[in-house]
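User: I have a protein model open and want to learn how to read its features. Can we go through them one at a time?

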Amino acid sequence: MLCFRWILYLLILAIPGLSQSGPTLTPTQSRVVIGKVWGFLNYYHTEVARGRRDWDQQLVQLLEAAPQLDSRETLSASLLTLVQNLGPVKPCISCDKTDTSASVFRQNLDLTWLADTTLFTAPLREQLHLVAMNPNQRSNRYVHWNPLRNRLEFNVPAYSAMAFPNETYRLVGLIRYWNIIEYFYPGKYLIGRDWSQVLTELVPTFQQATDTLTYQLALRELIATIQDSHAELYVPKKYQLLSTPSYLFPPFQHTIVGDTLLVTGFYNDSLSRLNGIERGDRIVRIDGKPLSQLIGERSRYATGSNRSVDIQLISASLLAGTQAGVTLELLRQGQRVQKEVQRYPFQTFGYRYKSAETTRPKEIPATIGYVDMGRLRAGGVKRLMKQFRDRKGIIFDVRTYSKGTYQRLARYLNPAPAGFARFTKPDLSRPGLFNISPIRYVGRTNTSYYRGKVAILCNTHTQSAAESTCAALRTAPRARIIGSQSAGANGVVSYVTFPGNYRTRFTGIGVYTVDGIAVQGQGVPIDTEARPSCDDILSRTDRALLTAIEWIGQD
């Protein structure tokens, strides 16, 4: 059903004497209200959904008039005209306004703002209420569900010729994206902040963008607000050179561990020695700034679902810069040392990336099988399980992107079908609500199932389908997930286009454990924490793999 907490609120505020004129509205407030009403009508009003009007142009006209709409009365009059020009609202006979089904997820929908007497006059509140009570039940030109790709798709103009859209069209992109997240992002309730406030904060940011680069930074900041590891900004190739400075890099490798940046290896040994950098150095300040401060500054553009992913994304860029030199304060054998380090074009190092290989802290015993899930294909499952059927345990390494083999593996690992997940899918007939699927099962009745221990390795590289793989393999009778927090972004993605043909994506389906715990954000539940220490990293010890071997070896 529709979330009607706001209906009683509306009726109370309609009592004579409680309604009052609001204060003068700022241009930002007017633009925010315009954007929210425009988006609400976009997905709720039947006439808008038919697509016979240029709905973007309606928004453009309202935004350009926003400076003059500086009071509740003038703003409401303009918005009321917009609604009335759409024609009478047709009653929705099929809408069940008393539905309390447990198969509907309601936490994302809140329309109480439609009853705000400080923003809307009584006639406008009445019209918005009428639209909310009778939402569009037909197809919508601007959004549809693609059953072949199992995802939402949005039909919006890309305005591809706009490398740097003017202020109005930058706001069109902001408002369009904000409303898509408002009504169709299953993880909105997990963001941890008032989503309406995000729009208020970023209207000035988009207005103040002065060129292509600052526009792209505004887009990155917006995208980062939804805290989704699937999200990233795709810049059209023809604009990439305009936005990519000539960055320089130090000649050594590093990673964030706690509140320091640990030097883990070298891109170029000679240049690292020339700059006095040693493996194991722990950098605490960069150009005088503490590492924690720099991480905080970069976090506004980091798109991780959780801090673990944010740290991974930020780490690579902390020492990059356009200046040739950088001042580092580091800890070495308990002493503080300051170094002036040179940065170079990356091609100077002559570095060649090695193919990913699993590092083993010690030889895996013959009694234990090991599977790299990034390499295993569906056709190899039967042979693999035949090979490992007598092993004491099997380690499934899901720290790479798996290839959709968990359904077949579960047939060998489980004695009977076992539930592993629930999903939520957006309800286009009631935007903001999501339908909860029945429990999804893996496995089959199998009296000859594998009876050994099943260790599942997981970390921040475990994302999306890999997280589903962890959950499915975890249903085996003697299974345990070992490692550290996963990426927390599981589910089919949907794409959004901004003016200038910039694109991003977001997790479009909610994924939950059988117990109703969201995977978005916190990741898959970890049974045994195994996070690498500084010593582990420097000695190339795979702590999660070692922990799995020890667990399987226990009686």
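User: Which residue forms a salt bridge with D527?

Analyst: A salt bridge is a side-chain nitrogen of Lys or Arg within 4 Å of a carboxyl oxygen of Asp or Glu. Here R474 pairs with D527, and their closest N and O atoms are 2.7 Å apart. R474 lies in the loop between α16 (465–473) and β16 (479–483), and D527 in the loop between β19 (510–512) and β20 (528–529), so the pair ties together parts that are 53 residues apart in sequence. Helices (H or I, at least four residues) and strands (E, at least two) are DSSP runs, numbered from the N terminus.

User: What should I know about the model itself?

Analyst: The model is predicted: local features need pLDDT of at least 70, side-chain atom pairs count only at pLDDT 80 or more, and totals for chains, interfaces and linings use all residues. Residues are numbered from 1 along each chain as its sequence is written, and side-chain values use heavy atoms, leaving out hydrogens and water.

User: Why does R474 count as partly exposed?

Analyst: Buried means under 20% relative accessible area, exposed means over 50%, and partly exposed is in between (1.4 Å probe, protein chains only). R474 has 32% relative accessibility, so it counts as partly exposed. D527 is partly exposed too, because its value is 37%.

User: Are R399 and D542 buried or exposed?

Analyst: Both are buried. Their side chains meet in a salt bridge (2.7 Å, N to O). This pair links distant parts of the chain, 143 residues apart. R399 is in the loop between β11 (393–397) and α15 (406–413), and D542 is in the loop between α17 (534–538) and α18 (543–553).

User: How many salt bridges does the count come to?

Analyst: The rule gives 23 salt bridges. One of them joins the side chains of R193 and E201, at 2.4 Å from N to O. R193 is partly exposed, at 36% relative accessibility. E201 is partly exposed as well, at 40%. Salt bridges can also form a network, as with E47, R50, R52 and R53.

User: What is the volume of the second largest pocket?

Analyst: First, the method. On a 1 Å grid over the protein atoms alone, a pocket is an open set of points with protein on both sides within 12 Å along at least five of seven lines. Lining residues have an atom within 4 Å of a point. A volume is the space filled by probe spheres set on the points, which are joined across faces, edges and corners. The second largest pocket has a volume of about 1300 Å³. It is lined by 33 residues, and the closest to its centre are R220, Y301, A302, L313 and S317.

User: Which helix gives the most to the lining of the second largest pocket?

Analyst: That is α9, with 5 residues. α9 (212–224), α12 (291–299) and α13 (307–315) each supply at least two.

User: Which residues form a nonpolar patch on the surface?

Analyst: A nonpolar patch joins side chains (Val, Leu, Ile, Met, Phe, Trp, Tyr) within 5 Å, from residues with over 30% relative accessible area and no salt bridge. L213, L217 and Y301 form one, with about 210 Å² of accessible area together. Such areas come from the Shrake-Rupley method with a 1.4 Å probe. L217 sits in helix α9 and is partly exposed, at 33% relative accessibility.

User: Where is N150 placed?

Analyst: N150 is in the loop between β2 (143–146) and β3 (151–154). Its phi is positive, about 55 degrees, although N150 is not a glycine.

Note on methods
On a 1 Å grid over the protein atoms alone, a cavity is a set of points where a 1.4 Å probe fits but cannot get out, and a pocket is an open set with protein on both sides within 12 Å along at least five of seven lines; lining residues have an atom within 4 Å of a point. Patches are made of residues with over 30% relative accessible area and no salt bridge: like charges are joined within 9 Å, nonpolar side chains (Val, Leu, Ile, Met, Phe, Trp, Tyr) within 5 Å.
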